[in-house]
Amino acid sequence: MPDDGSAGDDVWRDLAAFVIENRDSWKRAVVEQSGLPFSRIRILRRLNRTPMTVKQIAAAATIDAPAATVAVNDLEDRGLVIRRVDPSNRRSKVVSLTDAGRQAVQGIDAVHDPAPEALAVLSDRDLAELRRILNKLRDS
């Protein structure tokens with residue numbers, strides 16, 4: 001019988017749930033450190049990878065275009081992003097981080113994010129295998 005992907009779906013669902021359920025303390029610490037709502041932090045981290053249009057931000061952050069516009073306006077008012085005319089499409093604007101925005105992301109990335117205690121039950125061998133699998137996923 002061919003693999004219908006259900007095992008992969010089950011693993012993905014469990015992995016996502018594990019991560020989501022164990023990130024609350026880090027999210028609170030990041031919000032406290034930055035003074036930004038987490039929705040804005042998600043956008044800054046995406047813009048740290050590459051500049052985007054508001055439409056691209058909306059898609060990447062899984063929000064609608066009006067919400068993305070409000071978020072970009074807020075980040076722009078805080079001096080963390082700037083909008084510039086897209087040289088490849090002069091009717092469009094590209095949002096990118098300012099120096100202050102890059103510093104904000106560095107501060108966010110510096111917030112300690114300890115592994116959940118559940119990982120402490122894994123042996124060094126199990127952790128090494130998990131690292132090998134994660135590297136394989138990252139590199140694919």
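## Packing of H3 and H5

In this predicted model, helix H3 (38-49) packs with helix H5 (residues 65-77) at an angle of about 80°, their axes lying 10 Å apart. H3 is therefore roughly perpendicular to H5, a term for angles of 65 to 115 degrees. Axes are lines fitted to C-alpha atoms, for helices over the stretch in contact, and angles run from 0 to 180 degrees between N-to-C directions. Helices (H or I, at least four residues) and strands (E, at least two) are DSSP runs, numbered from the N terminus.

H3 contributes Arg40, Ile43 and Leu44 to the contact, and H5 contributes Val70, Ala71, Asp74 and Leu75; contact means heavy atoms within 4.5 Å. These residues divide into five nonpolar, no polar and two charged. Ala, Val, Leu, Ile, Met, Phe, Trp, Tyr, Cys and Pro count as nonpolar, Asp, Glu, Lys and Arg as charged, and the others, Gly among them, as polar.

## Basis of the model

Residues are numbered from 1 along each chain as its sequence is written, and side-chain values use heavy atoms, with hydrogens and water left out. The model is predicted: local features need pLDDT of at least 70 and side-chain atom pairs count only at pLDDT 80 or more, whereas totals for chains, interfaces and linings use all residues.

## Largest pocket

The largest pocket has a volume of about 630 Å³. Of its 19 lining residues, Leu15, Phe18, Val19, Leu130 and Leu134 are the closest to its centre. Helix H1 (6-21) and helix H7 (124-139) are the elements that give two or more residues to this lining, which comprises 14 nonpolar, one polar and four charged residues.

A pocket is defined on a 1 Å grid over the protein atoms alone, with a 1.4 Å probe, as an open set of points with protein on both sides within 12 Å along at least five of seven lines; lining residues have an atom within 4 Å of a point. Grid points are joined across faces, edges and corners, and a volume is the space filled by probe spheres set on the points.

## Second largest pocket

The second largest pocket holds about 530 Å³ of space. Among its 14 lining residues, the closest to its centre are Val19, Ile20, Arg23, Arg45 and Arg46. H1, helix H2 (24-34) and H3 each supply at least two lining residues, and H3 provides the largest share, six residues. By class, the lining has eight nonpolar, no polar and six charged residues.

## Strand pairing

Strand E2 (residues 81-86) and strand E3 (residues 89-97) pair in the antiparallel sense over six bridges; pairing requires at least two DSSP bridges. The two strands form a hairpin with two residues between them. Arginine 84 has valine 94 of E3 as its bridge partner.

Technical notes: Parallel < 35°, antiparallel > 145°, perpendicular 65-115°, else oblique.
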